[in-house]
Amino acid sequence: MSTLRALAKAQALAAGVAQPVATVRHLHLSPRPLVLVSLAMAGEANAPLAALVGAAPDDARLLIVPQPRNRDQRFAFAAELAGIVLPYLDSFRGVSEAVAVDRGRDVRHRYVDAPQLLVPNPAGVTFLRLFGRSTRFRRPDGEYPVHPAVPLLGRWLTFFAERAEHPGSSALLAMTEALTLHWATGQSAVEDLHLPAVLGWLDPPPGLDGARAAARAEDPACCPPAGPATDPEFDNRVLAPAVAAYADAADDEAARRSAYAELERVLRGQLTPTWELMWRGVGLLAALPPGARVEGRWAGDRDAFTAHAEHVDAGGGPQPRRDGAVAAAVRLHRLERAGTSYAVQRAYDDPLVMAEHRLTGEAFVGDVTLADPRRVDDTGKRPVLRPRIQVVTTEPVAVPVGATLYSPARPGQKAKVVFLTPAADGKTEVVLELSGGMGRGLTAPPGTVPEVGERLCLTTLSDAFLPAGAFPAPEETPWTHGGPPAAAPAPADPVPAGHAPVGPGSDGDPSEEWA
Amino acid sequence: MTSTAQRLAEIRGDVPPRRHNARTIAALTGNPGCARRAVLDSAGVDKPKLAERVGFPARFGQSRFAITRGNAFEAQVKADGGAELLRLVAERLGVDPGGPATWTDLGADDRPGQPGQPGQPDRSARSRAALAAAAPTGVGDDPAALFDHPLLGLDVAGQRVHLEPDLVAARLAGRFHVVEVKSFPVIDGQADPGKVAAAAIQSAVYVLALRELLAAEGHDPERVSSDVLLVCPRDFANQPVASLVDVRKQLLVLRRQLDRMARIDDLLAEVPAGFTAEPAADPADLRRSLLSVPARYAPECLAACELAYFCRHATRAETATLGRPVREALGGVATVAEALALAAGEHAGEPEQAEAAALLRAAARLRADALAGQTA
């Protein structure tokens with residue numbers, strides 16, 4: 001928690017309404033995101049109970065599982081969900097664009113748009129991850145066959161859940177996190193996990209302040225939880241009798257139909273308030289202008305979507321239960337790089353985020369008071385253009401002489417600190433030597449060197465390309481990390497008929513025992 | 001009746017003390033610095049009722065579906081005289097059970113609602129006798145033995161608390177192991193960390209009680225292993241899988257808190273004379289009374305303490321109510337109003353707040369600048 005954010009929280013509490021902590025939107029918002037509000041059965045291992053799914057506010061489709069402990073119904077739900085999700089994904093696979101790679105020597109294609117999934121809270125992301133895990137190894141053949149779309153859905157949900165861990169990705173977003181990235185509420189992080197309470201602070205109903213609206217949103221009787229966990233009172237008083245009525249109806253077609261309709265009614269009642277909150281959240285986010293670097297990060301999501309679609313098309317297997325040592329190290333490295341770059345890009349895009357870094361001394365803002373744009377350094381083998389500028393700032397400068405600074409206004413340019421001189425009134429004079437971003441000649445093109453009078457933000461944060469680390473091939477995994485993975489059976493090995501791979505080690509698990 | 005017990009009885013009012021169970025004892029370790037909670041828990045006050053009376057009812061409901069599923073899984077695991085359970089436990093511990101185990105259900109003949117309930121003291125004595133007689137010798141050649149539903153005792157704040165765990169004490173490889181059956185899943189070797197933590201601290205309560213029992217009977221308490229076994233469903237199916245959890249850390253925390261509650265006199269010395277928490281009292285009096293004993297509310301209380309909503313409301317204006325990280329980031333300033341006043345430069349604050357005040361002023365200036373769009 002930065003002091004600036006903490007201060008915003010204190011201000012929100014005093015003002016009775018959430019306060020902005022961003023001036024631009026730091027995530028991509030699709031014009032037609034797929035909103036997914038789901039409920040799980042209490043006590044079960046991620047058993048779906050119901051879901052409200054759709055890509056427009058007036059296009060909510062309700063899916064329910066009348067008997068969540070019934071295996072067939074669970075996979076029927078998965079097939080039904082696949083019937084909505086997979087066509088939605090396919091709708092983004094129409095047009096692709098060519099992207100130059102390897103310094104223009106090669107070209108690859110990526111889709112010009114990509115799908116975006118929105119869920120209410122981080123628990124909703126976990127629900128999709130586990131639902132992906134429970135479906136991606138299923139098979140359309142064998143002992144417990146499922147609809148062929150079920151394992152495919154599982155692989156896509158797993159893809160989205162993995163993407164959600166990637167800092168800066170907008171492929172799968174939890175609404176509570178998307179909102180609190182841009183606004184500070186007057187409540188704690190624990191309470192911020194509750195979507196109705198967050199929106200209570202953001203957009204309190206007339207006559208209520210944020211604290212009261214949030215407190216009211218905590219009462220499940222007037223505001224059902226945003227899932228996937230249900231309200232125990234609802235379970236005991238409403239759902240249990242409705243599920244029992246459906247089970248009791250057995251073969252009585254009319255009774256079963258009416259019991260099903262009743263289940264639909266009560267579950268829709270629990271889901272609809274959250275559905276409406278989701279679209280209100282989308283509206284609030286859409287009102288913010290996007291940050292300059294959001295588009296670039298979304299291109300990363302489009303790349304990932306394209307790559308996974310191609311992997312699936314090429315008959316690639318489902319994601320493993322657990323990554324091998326090398327794959328895990330590569331993934332961790334990628335996430336760390338993305339995390340660093342995301343933090344820098346948000347600061348570059350948003351002065352309110354940069355202010356957090358100014359407070360900790362990683363950045364300062366000052367006025368250019370002197371500039372020598374024609375200065376050439378000829379001490380080396382050949383002369384190079386090295387303009388110098390002097391910046392005067394009232395802020396504390398916590399960087400040493402020799403440090404390299406960057407300015408969001410000219411991200412390609414480096415500024416080396418040459419002198420630091422304390423001046424009157426607690427000001428500091430900083431002399432900087434510039435390199436890069438000024439063309440190849442000995443004269444800087446206009447606008448590439450800051451002019452006297454320009455207000456400049458300088459920071460140690462760099463948005464420069466971070467080179468990828470080098471990792472061994474999986475078959476060269478060092479012994480410190482368990483050594484090379486045991487030789488997998490050659491894919492050509494035919495599985496003897498009737499001998500589906502079963503057992504703890506198998507990824508298939510098709511004969512998983514069911515309650 | 002000692003003066004302490006008398007004092008606690010006065011606080012509690014004209015009702016019997018509420019019974020502790022492993023869950024409530026485990027919850028005691030959650031916020032050990034909270035005096036309000038320590039006093040109420042020591043007195044055995046009916047906190048859910050109290051919370052309702054002061055207008056902030058707790059929300060700790062349990063779904064019928066979760067209970068049904070939990071019971072079904074437990075019955076499945078314990079079926080056939082614990083044969084499957086023994087296999088799982090022995091396999092996880094890497095020992096050979098050496099033949100089938102004996103199965104003793106210490107709660108068998110007086111489940112609630114059955115006629116002729118012999119009452120707890122008898123059961124307690126029976127549990128004590130059976131477990132003491134079976135105390136492991138430590139050499140490892142005792143035959144495997146399983147004891148279901150032992151009734152254990154623990155001293156909490158000077159009163160004897162009886163615990164009726166749904167656990168199995170397994171004598172295996174020369175030691176007793178606490179085995180808990182939980183119905184949350186372990187998926188690809190991973191379970192919900194919050195649920196594992198809660199199960200671990202509960203198990204630690206049982207380990208402690210079991211150790212005290214052995215010690216009281218003249219046996220070595222270390223014969224009760226600090227490695228407990230959690231038996232949970234594997235992945236999305238109903239097949240049980242056993243995992244080892246080391247609860248040594250939880251044991252330390254628990255002992256520390258129980259010792260603190262044993263020194264309840266020190267705590268009571270700070271409590272004003274007329275303090276009452278009798279749920280039957282007038283709600284306004286109750287609220288006043290509760291506020292006279294300091295609490296240490298943190299957002300984490302919401303998941304653990306029945307009185308949390310009341311305390312949250314009472315500490316609305318404090319920075320810690322927004323979470324400890326927020327308070328720290330605000331330089332440790334206690335109230336929101338003071339933090340905002342320091343940030344606005346309305347006053348310089350106390351000398352020891354100089355650093356915090358400077359930080360807050362700088363933050364407020366930067367925030368205002370950025371929101372006004374005056375930056376590079």
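A: Gladly! Let us start with a pair of helices: H12(A) passes H14(B) in a right-handed crossing. Keep in mind that this is a predicted model.

Q: What are the distance and the crossing angle of the axes of H12(A) and H14(B)?
A: The general idea is that two packed helices are described by the angle between their axes and the distance between the axes. Here the axes of H12(A) and helix H14 of chain B, residues 354-372, come within 9 Å and cross at roughly 155°. Angles over 145 degrees count as roughly antiparallel, and H12(A) and H14(B) are therefore roughly antiparallel to each other.

Q: Which residues make the contact between H12(A) and H14(B)?
A: On H12(A) they are A:Pro351, A:Leu352, A:Ala355, A:Arg358 and A:Leu359. H14(B) brings B:Ala362, B:Ala363, B:Leu366, B:Arg367, B:Ala370 and B:Leu371. Sorted by class, this helix pair has 9 nonpolar and 2 charged residues in contact, with no polar ones.

Q: Now the whole interface, please. How many residues does the contact take from chain A and from chain B?
A: Chain A gives 50 residues and chain B gives 44 residues. On the side of chain A that touches chain B, helices H1 (3-15), H3 (122-135), H8 (232-249) and H12 (351-359) and strand E17 (455-459) each supply at least two residues. H1(A) has the largest share, with 9 residues. By class, that side of chain A divides into 27 nonpolar, 11 polar and 12 charged residues.

Q: Let us turn to the backbone. Where is the cis peptide bond that involves A:Pro228?
A: It joins A:Gly227 and A:Pro228, with omega about -10°. A:Pro228 sits in the loop between helix H7 (210-217) and H8 of chain A.

Q: Is A:Asp425, with its positive phi, buried or exposed?
A: For this, count the other C-beta atoms within 10 Å: 12 or fewer means exposed. A:Asp425 has 5, so this residue is exposed. Its phi is near 60°, and its place is the loop between strands E15 (410-422) and E16 (428-435) of chain A.

Q: What about B:Asp188?
A: B:Asp188 also is not a glycine and has a positive phi, about 50°. With 13 other C-beta atoms within 10 Å, B:Asp188 is partly exposed.

Terms used: Residues are numbered from 1 along each chain as its sequence is written. Chains are lettered from A and ligands numbered from 1 in the order in which they are written. This is a predicted model: local features need pLDDT of at least 70, side-chain atom pairs count only at pLDDT 80 or more; totals for chains, interfaces and linings use all residues. Two residues are in contact if their C-beta atoms, placed from the backbone, lie within 7 Å. Helices (H or I, at least four residues) and strands (E, at least two) are DSSP runs, numbered from the N terminus. Ala, Val, Leu, Ile, Met, Phe, Trp, Tyr, Cys and Pro count as nonpolar, Asp, Glu, Lys and Arg as charged, and the others, Gly among them, as polar. Axes are lines fitted to C-alpha atoms, for helices over the stretch in contact, and angles run from 0 to 180 degrees between N-to-C directions. Angles under 35 degrees count as roughly parallel, over 145 as roughly antiparallel, 65 to 115 as roughly perpendicular and the rest as oblique. A crossing is left-handed if the near helix is turned anticlockwise from the far one by less than a right angle, and right-handed if clockwise. A residue is buried if 20 or more other C-beta atoms lie within 10 Å of its own, exposed if 12 or fewer, and partly exposed in between; C-beta atoms are placed from the backbone.
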